[in-house]
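Please look through the following notes on local backbone and packing features with the coordinates open beside them.

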Amino acid sequence: MALPTYDEVIAKWDPVLGLEVHVELNTKSKMFCSCATEFGAAPNTQTCPVCLALPGALPVVNKKAIESTILIGLALNCKIAPYSRFARKNYFYPDMPKNFQISQYDEPICFDGYVDVEIETDEGLKQFRIEVERVHMEEDTGKSLHVGGATGRIHGADYSLLDYNRAGIPLVEIVTKIVPGTGKYAPEVAKAYVAELRDILRGLKVSDVKMEQGSLRCDANVSLKPIGSDVLGTRSETKNVNSLRSVERAIRGEMIRHAELLNEGKKVKQETRHFQEDTGLTRSGRSKEQAEDYRYFPDPDLVPVTPATIWIEELRATLPERPSLRRKRIKEEWNVPDKEMAAMINADVLDIVEATVLLGADPTKARTWWLGEISRIANDQNIAITDLAITPKDVAELVALVASGELTDKLARQVVEGVIAGEGTPSEVVAQRGIKVVNDDGALMAAIEKVCAEQAETAEKVRGGHLPAAGALIGAVMKETKGQADAARVRELLLGHLGQAN
Amino acid sequence: MIHKSAAEMAKALTNGETSSVELTQLHLDRIAAVDGDVKAFLHVDTQGALDQARSVDERRKSGEKLSPLAGIPLALKDVLAQKDVPTTAGSKILQGWLPPYDSTVVSKLKDAGIVIMGKTNMDEFAMGSSTENSGYGPTFNPWDLTRTPGGSSGGSAAAVSSFEAPLAIGSDTGGSIRQPAALTGIVGVRPTYGAVSRFGLIAYSSSLDQAGPFGRTVLDTALLHEAMAGHDPKDATSINAPVPAVVHAAKSGDVKGMKIGVIKQLQGEGYQKGVQARFDESLQVLASLGAEIVEVDCPSFEYALAAYYLIAPSECSSNLARFDAMRYGLRVGDKDGASAEAVMSATRDAGFGREVKRRIILGTYALSSGYYDAYYGSAQKIRTLIIEDYAKAFAKADVLVSPTAPTTAYKIGEKVDDPMAMYLGDVATIPVNLAGICGMSLPAGLADEDNLPVGFQIMAPAMQDQRLYQAGAALEAALLTKWGAPILSQAPALKGA
C-alpha cells in the first residue's frame, strides 16, 4: 500500500505533539566541575577527577548554570521553585562516567510557563500557545564513537572510543505539556516553537544555540488520534533532530508513518526513533515498551537549590526584550515590508542589522548591505554571515561613506570585498586600495573634452538634442576615470558641455 | 619513643630530641616487626614517608614555623585518595589504581607536615564492622590476634593500638571509627557531618560518610581533628563555619556542671555484662567530677538500624556504579568481542565481595519503582524522627552517652555468616550518623569476663564537637588516675616487638 499523502493524513487524524528541547548552556566551566566547555577540543582534554567520576570525586554546582536556567524559566513565563533538588538517574552506559546522570526529577527549578508562536495559516497570521511543563537542569553525557561496522552504531562495531569532554556540560531541558489542536499546522508550529526558543535563548546569551553542533537539540513526540477523539494515541519520540527544517520534516514524516500503520489497523509502537537527515525518515531506536527503572533519588552529594526571591527579581529585571515583540517593534520602526522582514529573519541577520542601525546607519541601507552583497559572499563561501570578517561597525562606516559621497555604491562593493578579505576597516581599505570618487570638476572636464573629441560624431548627436546617445559618452568618461567618478556628476557636466543643460 | 603520645612526640621534635626521619623510621621498623601478625596496612609507603619526614626536618631546621603535628607519622585509611599511592578502598576492583589527585584530607595532612606512612586495611568500601570484608584479608586485633579489631576502619585502629602509628585517619558511616576504637582500646572521633571534607573520600553512603581521627589520647585526637577539618569548596555538603575549638577543649577537660544524658534505649539488654559495668563505672566517675547525670528517652532509635540498612545500601548502589572497568581499576572478560555491558558485568562480579554485592542488591531493590516509598522513603522519615529525638535530648543534656558497642572484640569468623548479628554491633553508633552529629569513643577499661577493651561513647550536637573533647578529656584524666597507667599498657606484647 502506498504511503498516505499528508492531506490524506490530516483529513482523518489529529496530531498531538510534545517537545523536549535540550540546550547546552555556554558557561565557561562544566555543571559540576571547573573543566572548560569549548566545542571541538581534542578528545578527553577537558576532563578532571570529577567529570571522569574517579573514586572520591564530588560534584559542586556551577552557580552560573543555575542563573542561566532561572533566566530561561523567567523568559518562558515559568514559576521559579524556591526549593528544588538534583536527583540521580541511574543507568549503566559507557559514555556516562558515574553510571548515573545528575538531573532533576520531581522537583524542577522552573515550571508552568508558556511560549506564544505565530505562523502563517490559510486564515492569515495565527497565534498558538505552547505550554511549558518544566525547565530543569542536568548534565550532558560523553560521546561514544563506534569504529568499524557499517552503520556507525554500536551493533557491529569493532570497538568504541569514548570522549568525555562533553560529560558534565550543563544542559537545560525544556519540556512542553502536550500540544493539541495544531491540526495540519503541527509541523510548522513545532518549527516555529523551536525557532522562538532559539531566539529567546540567543537573546538571553545563555547558549550558542547551534543546532548543527548539538548545543540545541530537539526530541519530538508525536501521536495521532482520530479527529474528534479525546483518547490520545501511542507516541513515538524522535531524537537527533538537528535543524529547524528537520523539526518540520521529522514531525511530518512521523505523522505519515503513524497514519500508515493506523490505517492498516496496526499499532504504533511506543519507542525512540532516530531522524535520518538524508532521507527525512526515522528509524527505530530502543523500544520503550519496557519502561526503564532509573531509580531516581535525591543526590546526597548536592545541596538543594534555594534561589532567594530578591535574586530572582534581579534576574527578571535583566531580561531582554522578547523576540516576538522585538521583531514587531523593528518592523514598525524601520518600516520594513513583510517580505523583507521575513527575509531578514530567514537569513538570521536581524541582530547584525540592528547593531548596524544602532551605530547610526540608515535601516534600509544597513538591511540592503547585509541581505544583499554580504549575504551573497557568505553564501559563496558557504559560511555563516556572522563568521565573515565584517562587522556592524564596518557596515555603518560604509553607509556613512556612501552617504557623504566619498564612495559610490559600486566602489563600496569593492570596499566590502576588501574588508571581508581582511584588509582592514572601510577607511583603511579605501586608503590602501586608493579608491576614491573623482569629484574634481577640472579633472572630469578634461576627461569629457577628451572623450568628446574622440567620439565627435556621438557628441554632435547629443548636441543636436539626441540625449540617449549621452550614455556611451558617460561610459567612456567613467572608463577614463577608472570608475572613480560619480556618474551623475559626469552626466551633469557632459550635458552642460554639450549645451543640453536644463 | 613510639609508646609516647603524639603530643609528646611533637614536643620532642620541637626540642630537637629527635627528628621526623628518626621518628618515622622507628614506626616503619615497628610496622616491619609486628604487622605480619596484625595486618593493619595494605600498603606501606616507606620512601614517600621518609621523603616527607626529611622535608619537614629541613623546614624545621630553616626556622620555619610549623603546625603542631608537623613531622608526626600517621596511618591513612585506604578509603582516601592519595596522589600516586595505591588506593583500593579494600576492594579488588580498585587493585592497582593510582589516584592522580589528593583528597582534601590528604592535602591538609601534607600541608600540616604530617607524615603519611601508608594505607590501612578496611572492610571493602567501608561496608562492615570487623575488617573481615576486606578484599585483601582481615586485620587482627592487637589485644588478641584471634579477634577482629572491629571495622570498617579496623586497620587504622589496629595500627594505633599496636604502636605502629601514633595517629590514624578513619571514616565513619555507621560507627566505623568509634566501634574499632572501642574494640582496640583507643580514642576515635566521628566529627559532625560536613566538618571534614569528603572530597577524595571514596563514597560508601554520601549522606552518612565522614572521615575522622584516631589517637591514643583525647588530646592527640583533637590535634588531628583540628588539622583535618575545615570548609572545602570542593564538597557541596561541607559546612562553611570555623572548626570548633577541640584542642582547647581537650586541654581544659572539665565536666563540672555539665549535664550528661544517658540514652535509655542504648544500654541494658543486649549489652555484654562487662561492657555495661565499665559504662556504669565511667558514669560514676563523671558524676564524681561534678557532672549532672540525667536519663533521656529516644524512642525512634529502635528503628535506626533498619533505616540505616536502607539508606546506606540505596546510596551505595548508586555510588558504586562507577566501578565499571571503563576508565580505571579491574577489567575482566574483555576478549572475543565482548560487549561493554558484558565486561562491566564480569568485572563487577569478579571485583566486588559478597557483602558489597549484598548491599548493592539491597539498595537497588529499595530504590526500585513501586518500592521506593515503602523502603527509602520510610527510612528518610525515620531519619527525621531520630533527628527530633536528639533535639529533645540535647534540650536536656549537653552531651549524651552510651556504651560504644554492645560487646568487646569478637572472634574472627564468629559473625561472618550472620550479617544481622554483625549489623547489631552498630546499634549504638548508627543514630549519630543518621542525625549528622558528632561522636567520640574512648577507653572505659577492660571487661571483667574477657579482659578486652570497652568503649565509652559521647555524643554532641552538630558543630559542638568541642563538647566531646571537654567531657572526654575529663573522663580520660580521672580514669588514668584510677588505673595508674594507660589502658594500652595492659595489652599483651606482640611477637617480634
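1. Just after α8 of chain A, A:G360 takes a positive phi of about 105°. The helix itself spans residues 350-358, where helices are DSSP runs of H or I with at least four residues and strands are runs of E with at least two, numbered from the N terminus. The model is predicted, so that local features need pLDDT of at least 70 and side-chain atom pairs count only at pLDDT 80 or more, while totals for chains, interfaces and linings use all residues. Residues are numbered from 1 along each chain as its sequence is written, and chains are lettered from A and ligands numbered from 1 in the order in which they are written.

2. Within α8 of chain A, A:I352, A:V353, A:T356 and A:V357 are buried (20 or more other C-beta atoms within 10 Å of the residue's own, with C-beta atoms placed from the backbone; exposed means 12 or fewer, partly exposed in between). Seen down the axis of α8(A), these buried residues fall within an arc of 140°, so they line one face of the helix; the arc is that of the directions from the helix axis to the C-beta atoms. They pack against α7 (338-347), α9 (363-381) and α10 (392-403) of chain A, with contact taken as C-beta atoms, placed from the backbone, within 7 Å.

3. In chain B, the loop between β3 (115-120) and α5 (154-161) holds B:S152, which a cis peptide bond with omega of about 10° joins to B:G151. B:F125 is found in the loop between β3 and α5 of chain B, and has a positive phi of about 50° although it is not a glycine. B:F125 is buried, with 32 other C-beta atoms within 10 Å.

Technical notes. Contact = placed C-beta atoms within 7 Å.
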